[in-house]
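Open the structure in your viewer and keep the selection tool at hand. We will go from stop to stop.

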Amino acid sequence: KKERLSTSEILDIRKTKYGPSCMLFFEQAPLRIERGSGQYMFDEEGTRYIDCINNVAHVGHSHPRVTEAAVKQMKQLYTNNRYLHDNLPRLVEKITQTMPTDLSVCYFTNSGSEANDLALQLTRMFRHRHDIITLDNAYHGTVTSLQQINPYKWKQVEKETSDMYRSQWVHVVPAPDSYRGKYRDDEYTMEELTDLYVQEVQHVVDDLRGQGRAPAALILESMQSCGGQIIYPLGYLKGIKRIMDECGGLIIADEVQVGFGRVGDHWWAFQQYGADFVPDIVTIGKPMGNGHPVAAVVTTKEISQSFKLPYFNTYGGNPVSCAIALAVLEVIETDGLMENAKIVGNYLMDQMRELASRHQCIGDVRGRGLFCGMDLVLDRTTREPATELAKYIVGKLRYDGVILSRDGPHENVLKFKPPMCFSKQDVDEVITKIDKLLYEF
Ligand code: PMP
């Protein structure tokens, strides 16, 4: 029996016998990563890559304490959560301690998609309503209910395909992107544009009211990731919360990408918009298991009590997943990763701004903690997206030991969301390489 498959064998099987929907990173020269450690990955030849994008390997690739916790619990017991075990209540306590007091009830699932789907079910059951408001360019997961609220995905396919996922219950509002959204900061003051984006939600609610309907919920990420690293104007969330409160709709904050201390100052990204903004439901995932599939829904007692459907999730809340999530939470604290995200994130922002002072093609630099983006433009006035340039940089960096990605509706935003142990040296190395490429292009 052969020990290893050749790269062409892997590619062949992936091409012919694996669902073709998943695009590889670097389709022309896919990487064969064999090992990960901290913020680095290593390919088959031992070449090191700085990982600027893996927000799942939150506390660092293959963190020994997380791996240890997994192995220890695997060796001892795996069962479903219909038996009593310490790990589940311990994790519930730990997570709810990081949240505002009202968010006191958890459900454990295996993926962000399951968490968001359950969140939608909870909101729909709460007031027996069906309509959902979603932001343009949003991505919330893979299952049917979420493909119906994923404008990000609809745009990537032919209309005929996206139409299959359009639903009369789903209403799209513009993403509050002050740089290249419907209302921009070169035309309006921040106050004006915040108001205009909030009004867009009001219009949908008014429209629905005219038809004798009201939304069950508005779902949004606390910062929009796939949409191009968008940080909302400060008053936006409070503005839409007021509207939703008035019409009895709920707010779901999707923290699947941006949670677990990534913003540095807070455990959860929604907390940066003020202590008086509290969503009704928060969904969390990806970083929660540092690579192991575990996710959760956190909500209020009242909402959880209105959910009448018996809910049993075979793997959700099992002792192994809980042990892993507990280890992740512990490592965030013991390794000081939130503080690191703040320090290194600020440093990265400074370095990106310095780069922008020398390169006209950097139109905007934005971020919080280790969630940052660099919006590349052809023209600073028109803000026309520099998609080809972004593609060039990401493609070149791949050969220079850096994994970076680009996103947003125009795929022109360089996107940083690295493991939380990312260092200033990593920033220096990556920025120097981008600087060089920008001069070369
Ligand atoms: N919400 C957001 C914001 C995400 O980015 C993702 C995954 N990219 C999901 C939900 C879905 O999570 P999963 O892939 O774990 O189902």
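This tour of a predicted model visits nonpolar cores and then salt bridges.

**The main core.** Start by selecting Ile 95, Tyr 236, Ile 284, Met 288 and Ile 434. These have the most contacts inside the largest nonpolar core, which has 107 residues. Now select helix H11, residues 319-334. Helix H11 gives ten residues, the largest share of this core. Next, color domain 1 (7-59 + 336-440) and domain 2 (64-334). Both domains give residues to the core, so it lies between them.

**Around Ile 434.** Zoom in on Ile 434. Its contacts include Leu 355, Met 374, Ile 393 and Phe 416.

**A second core.** Move to Leu 120, Ile 132, Leu 146 and Phe 307. They are among the 23 residues of a second, separate core.

**Salt bridges.** The model has 30 salt bridges. Select Glu 333 and Lys 94, whose side chains meet in one of them at 3.2 Å, N to O. Glu 333 is in helix H11 and Lys 94 in helix H3, 239 residues apart. Is Glu 333 buried, exposed or partly exposed? It is partly exposed, because its relative accessibility is 46%, and buried would mean under 20%, exposed over 50%.

Go on to Lys 155 and Asp 136, a salt bridge of 3.1 Å, N to O. Each sits in a loop: Lys 155 between helix H6 and helix H7, Asp 136 between strand S5 and helix H5.

Now show helix H12, residues 337-358. Arg 353 and Asp 350 lie there, about one turn of the helix apart. Their closest N and O atoms are 3.5 Å apart, in a salt bridge.

**Last stop.** Select Arg 4, Arg 32, Glu 34 and Glu 44. A network of salt bridges links these residues.

Methods:
Residues are numbered from 1 along each chain as its sequence is written. This is a predicted model: local features need pLDDT of at least 70, side-chain atom pairs count only at pLDDT 80 or more; totals for chains, interfaces and linings use all residues. Side-chain values use heavy atoms; hydrogens and water are left out. A nonpolar core is a set of buried Ala, Val, Leu, Ile, Met, Phe, Trp, Tyr and Cys residues joined through side-chain atoms within 4.5 Å. Buried means under 20% relative accessible area, exposed over 50%, partly exposed in between (1.4 Å probe, protein chains only). Helices (H or I, at least four residues) and strands (E, at least two) are DSSP runs, numbered from the N terminus. Domain bounds come from an automatic or database domain assignment. Contact means heavy atoms within 4.5 Å. A salt bridge is a side-chain nitrogen of Lys or Arg within 4 Å of a carboxyl oxygen of Asp or Glu. Lists of a residue's contacts leave out its neighbours within four places in sequence.
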